Amino acid sequence: MPVSPRDPTGDPRLAIPLRPADFLVLLVLAAGARHGYGIMQDVEHHSEGRVQLEAGSLYRTIRRLEEEGMLTESARRPAADRDDERRRYYRLTAYGRAVVAAEADRLRALVRLAEAARLLVPDVG
Amino acid sequence: MPEYERLRPRDRHEWAFRHLLRLYPHAFREEFGDAMVEFFRDRLADVRGARGPIGSVAIWGSVIMDTMLHASLARLDALRRTVARVFSPPPRAARAARREDWMLSTLRQDVRIAIRGMRRTPALSALIVTTLALGLGANSAIFSVVNAVQLRPLPFPEAERLVQVAMQDPYFNISEGEFVDIRRDSKTLSAVAAFSGASITLTGDDVDPERTESTQVSERFFKVLEVQPMMGRTFSAEEERFGGPPVAVLSHAIWQRRLGGARDVVGRTIGIDGALVTVVGVMPPSFRYPPVGSGRAADGVAGGPALWVPLRLRYDSLWGRNNHYLSVIGRTAPGRGIADVNTELNVMGRSWKAQYPDLYFPAQPVAASVRSFRDALLGDTRPFLLSLLGAVAFVLLIACVNVANLLLVRADARRKELAIRSALGASRTRLVRQALTESLIFAIVGGTLGVLVAFGAIRVLVALAPTDLPRLQDVGIDGSVLLFTSLVTIATGFVFGVAPALAGAGDDTNETLKEGGKTSTTAARGAGRTRRRLVTAEIALAVVTLSGAGLMTRSLLNLQHTPLGFDPRGVLTMSLTPPAPTPPLAVAEAAARSVQFYDLLLSRVRAIPGVQSTAASQRLPVDGYNAWSILVNGASAARVADAPLATPDIVTPGYFATLGITLVKGRLLEATDVASSPFVVVINESMAKAHWGGRDPIGGTLRVRAEGRPWATVVGVVRDVRAEGLTGEVPRMMYFPYAQSEYSAYYTPRSMSLVVRTSGDPSLITAAVRRVVHELDARTPISRVTTLDALVAQSVGARRFSTALLVGFAVLALLLAGIGIYGVVAASVSQRAYEIGVRMALGARAGDVGSMILREGMRTGVIGASLGLAGALASATLLRSMFYEVTAWDPTAMGAAVLALLVVVALASAIPAWRAIGVDPNKTLRAE
C-alpha cells in the first residue's frame, strides 16, 4: 500500500510546507488546548491582525487538520468555570507537534538563507 | 437534528447565522454546527463590547463572504470524497491520472495567472466584464422571448401533424357544409374539427355578470389536439347536433376563479347568457387553445377561452354553405403532409364549385390554404423576433470587438511580460492557451452577470411587450436559455480572445526584450493593424444595425402618419351586453327594447360633466373584417356569387360626430331615422366610388341580399376610415342606423361598443359611465374598457415594441463603435507621440497634425461605413416584409445611419487629435 505523504504515522517532513493559516492554528495549539473562538483570537493576535478567521474558514481548517491527524478533540477541559457544555476544545497530536516543529525548522532555514543573502539583518536579540 | 437547530436563538443575528449554516453540507453541519454557533456568539459579544450595536451589523459582510466561500468549498470537499470513494484508481490508471493531474494543474495555474492579471488592471477588467454582461444579458433576454414564443414545442402530442385549414380569398374561413364534406371525405386528414369564437356573459344569482370569450367546438376538437380533460369528459357526437343538451367544458382558469376550484364541479350547472349549462369537464391549465383576446387578459383567461361549448351544426342548410365562419383544424394521416392536404382540398373545392355554382364567385377558384399549426399560431411573430435576435447578436459582436481591442491594448502593455515568460521556456501554445483562458474567464464572469441582467431585462420586456404576442406568459429563464447563454458565452470568449491571444504570442521575443518592452516596433504596428481591422468590422456592423433601426422607425412613422379618417384622441370606449329579456320577447319587441335601452343610456351618459358627445356602434374602427352580400340600386342577383360585398356597421346617430368622421356629401344619420321612418344608410367614399363611380350616390339604394329586406336610401357619404387596422385596406363601408337595423341590417345587436368623446382625460369619467350603466341595468357586463387611442396604439403595438428595441440596440451599437474607434485612434496617437513630436519640431502646424489624425480616424470610418452599407442593403432585403411604405434602400434611413456613424467617428477621433495638438515636442523628444 503506497504511503500517503500526510500519513500520521509517517515522516512529518512529508507534510510540510504548511499553509500559513494551518501553521498558525497548529502553533497556537502548541501552547495548549483551545476552543474555536480561542484559536481565532490567538491567531489574530499572533499574526498582528493579518490573519482573520471566520467560523467557516476556521472549522474547515480544523476538520482538515483533524483528518490529517495533526490535531484532535481534547477530552480534558482547562477550567470548569465560564465553560459552556457545547464548546469543543482541540489539542495537538504528537504527529501534529512534529509537523509544526518541522515547518518552523524549515522557516528558520529560509530565514538563515535570507540573512546570508544580506536581505535580513540577523536578529541578535 | 443537531442541537443548534433546537435551541432558541438569543437574538436576530444568531437566528440569521443559524439559517446561513444551512448552506454547509449536512455532515459538516452535524459535526461543527453547534461549535460554529458558539463561535459566532462569542464573536458577536466581543464586537458589541468593542463597537456597540453598529459592530454587530458590520461583521456580517465578512461572515457572509466566509460562509459563501467555505460552504461551497465544504460541499466540494464532500463531492471529492464521494468521488474518491467510488473511483479509487487502480495502479494501471495511475499514469493517466498523473497526466490528468498535470493538465489540471496547468489549468489551475493558467486560471491563477489570469486572475492575477485581471486584478492588476481593475478598471479595465471591470469595463470588459460590464461590456460583456450587457451584451450577453441582452442576448439571453431576447433569446428567452424567442424561446418561449417560437422554439418551445407546442403543447400538443405530435404537434407537427396538426394543421390549420383555411380558404384563400375571398372566403378565408370554412363554411359548415364544407366542413362536413371535409370531415367525411378527406383521406389526408385522419381527424378534423371546427370551431368558432363567441363572446358570452357568465351569469348567476350570486355573482356579477361577466363578459368573456367562449369557443364553440365540433365533436372531435379535443381528439384532434389529443388533449385529455383534467376532470370529467369532452363532448360527444350527440351534443354537436342542433338542439343537443346544453353542456360546457371549463378552462382551468375559470374553474378556479368562478367556481373556486370545486372538486365536484362535473355535473353542476353554470349560467351562460342567462341559461343553465351543465359542466361536463375541466381542462388542464396548460390547455389554452384557441388563442383569444390578449396574452394576459385581465379576466384571467390568459390566452385561451374561458370555456368550450359544442358547435351546433345544421347539416342540411344551404345558408350553412355560404357562411364562411368556421376555423378548421386537422391532424394529417400517417405519411401525408401539408401539400397533400392542400391538393386534396383544392380538388374538393372544384367539386363544390361545380355542385353549387350559385354559391361561389365564378371568377375566382375555391383554393385551400393549409398551414402547419406552428405557422398559423406563431408565424406572424417570426420576422420580428428574428430581427431582434439579429440586432442583439450584432450588439454582442460589436461588444466582442471592443473587448478584443481592450485586451489588445493591454497585451501591448504586457508585451515584455510575455516575452520574458516565452524566454523562460513557455511554449507559444501555452501562451495562447493562457490568453484564451483569460478571455474565457472574462466571458464566464460576464455571462454570469449577464444572466442577472437578463432576469431584470425580461421583466421589462414582458411588461412592455405587446399583449397580443402569443405565449408571452411563458417567457422566463429556463434550461434552454441557460444552455444558450453558456454556449454564447464560451463562443464569445473565443471570438474576442483569439485575436489578442495570437497577437500577444506572435512577437519576436528577442526584439521585444531588446526594446525593453516599448511599443514602437513592427509587431506593435501589426497589432495596431489588427485593431484597425476590428474597428472597421465594428463600424460596418453598427451601420447595419443603425440602418435596420432607421428603416423600422420610418415604417412606424409612416404607419402613425397614415390618416385614420377619425380622431381617436379623448375617446373612451367600452363593450356592453345587456342581458336578453326574460321571458323571451318576439324579435321585433326585443329589438325595440334594445333601442330604448341605448337611447336612455346615451342620454344619461351625455349628461355626465365633461362628455362632449357619445354614441354606440356594433364595431370599432381597427376591429376587423366582416362582409355582407348586398344588392345595389334595385339590381337583383340570382346567385350569391353575383352579389357584391360590403362591410356593415350599425351605429347610433351621434357616431360620426363622436369619432370625428367627416361628412363629404348629403347628411349624417339623424335621431329621426327610426324604425317607422324611411330606411336610410350612410356609405363611405370607397363604397361610393365602387358602386356609383362618378355619379351622385345620394338617393341611390342598397339592401342586404336576403328575402324580405327593405331597400335603404343612401343619404350621405362620409370619409374613409381605416376600419381594418392600420396596415389593412380601407373596406367599402355602409352604416345602418341602430333604430332601423332590425329591418335593414338583419338584426339589432344587443352587444354594442359605447364611444364617449370627452373634453379632458377620458379615463376620468370611466367610473361615472359605469355607474350610469349599472343604474340602468345592474346585470349588464362591461368589458374592454379602454380609450380609442390605446386601441389604435395596440394595433401597432408589436411594431412599436420591436422598433423601440431595435433603436435601443442601434444606439448601443453606435456608442460601442464610438468607444472602439476612440480606443484605436488614441492608441495610435500615443504610439506616434515621438513622430508627432518630430513633425511639430520641424514646423508642422497644430492644424496639420490634428487633421492628419482626424483623417486617419475618418478613413477607418468611411471604409467601415461602406462595407456596412453593403451589408445593410443585403439585410434590409431580407427584412423587407416588415417595412411599411419604405423600400429596402430607403436613402433617408441609410443616409441617416451613415451620417450618425460618421459624426460619432469624427467626435471619437477629435478627442485624441485635440490631445495630440497639445503635445509639447520638447518633452516627447526628451522622453525617448
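## Confidence in the model

For the complex, the predictor reports an ipTM of 0.82 and a pTM of 0.61. In chain B, the average pLDDT is 82, and 88% of the residues score at least 70.

One stretch of chain B calls for caution. Over residues 294-302 of chain B, pLDDT stays under 50, and the model has 26 contacts for this stretch beyond four places in sequence. Where pLDDT is low, the predicted coordinates should not be read in detail.

## The fold of chain A

Chain A has 125 residues, of which 29% are buried. Four helices and three strands make up its list of secondary structure elements, and along the sequence they follow the pattern α-β-α-α-β-β-α. Among the contacts in chain A with a separation of 6 or more, 56% are between residues 24 or more positions apart.

The three strands form an open sheet in the order E1-E3-E2 of chain A, with antiparallel pairing. Strand E1 (34-35) and strand E2 (71-73) of chain A are the edge strands, since each pairs on one side only. Strands of a sheet pair through backbone hydrogen bonds, either parallel or antiparallel. In this sheet, E2(A) is joined to strand E3 (residues 89-92) of chain A by three bridges in the antiparallel sense. Within the structure, Leu71(A) stands opposite Leu92(A), a residue of E3(A). Helix H1 (residues 20-30) of chain A lies across E1, E2 and E3 of chain A, and the helix runs at about 95 degrees to E3(A).

## The fold of chain B

Chain B contains 31 helices and 22 strands. Of its 928 residues, 40% are buried. When contacts in chain B between residues at least 6 apart in sequence are considered, 82% join residues at least 24 apart.

After H11(B) comes Gly260(B), which has a positive phi near 60 degrees.

## Backbone details in the loops of chain B

Two residues of chain B have a positive phi without being glycine. One of them is Glu226(B), with phi near 55 degrees. Glu226(B) is located in the loop between helix H9 (221-225) and strand E5 (231-232) of chain B. Glu226(B) counts as partly exposed because it has 14 C-beta neighbours inside 10 Å, and a residue is buried only with 20 or more such neighbours and exposed with 12 or fewer. Another is Tyr746(B), whose positive phi is about 75 degrees. Tyr746(B) is in the loop between helix H24 (741-744) and strand E21 (752-758) of chain B, and Tyr746(B) is partly exposed because 15 other C-beta atoms lie within 10 Å.

Two prolines in loops also deserve mention. The peptide bond from Tyr289(B) to Pro290(B) is cis, with omega near -10 degrees, and Pro290(B) belongs to the loop between E8 and E9 of chain B. Pro731(B) is found in the loop between strand E19 (712-718) and strand E20 (733-737) of chain B. Pro731(B) is buried because 22 other C-beta atoms lie within 10 Å. In sequence, Pro731(B) and Ala646(B) are 85 residues apart, yet their C-alpha atoms are 7.4 Å apart in space.

## Where the chains meet

How many residues does each chain bring to the contact? Chain B takes part with 19 residues and chain A with 12 residues. On the side of chain B that touches chain A, helix H3 (26-51) and helix H5 (60-86) of chain B each supply at least two residues. By class, this side of chain B has 10 nonpolar, three polar and six charged residues.

Methods: Residues numbered from 1 in each chain as written. Chains lettered and ligands numbered in written order. Predicted model: local features only at pLDDT ≥ 70, side-chain atom pairs only at ≥ 80, totals over all residues. Contact = placed C-beta atoms within 7 Å. Nonpolar A, V, L, I, M, F, W, Y, C, P; charged D, E, K, R; others polar. pLDDT = per-residue confidence, 0-100. Pairing = 2+ DSSP bridges. Axes fitted to C-alpha atoms, helices over the stretch in contact; angles between N-to-C directions.
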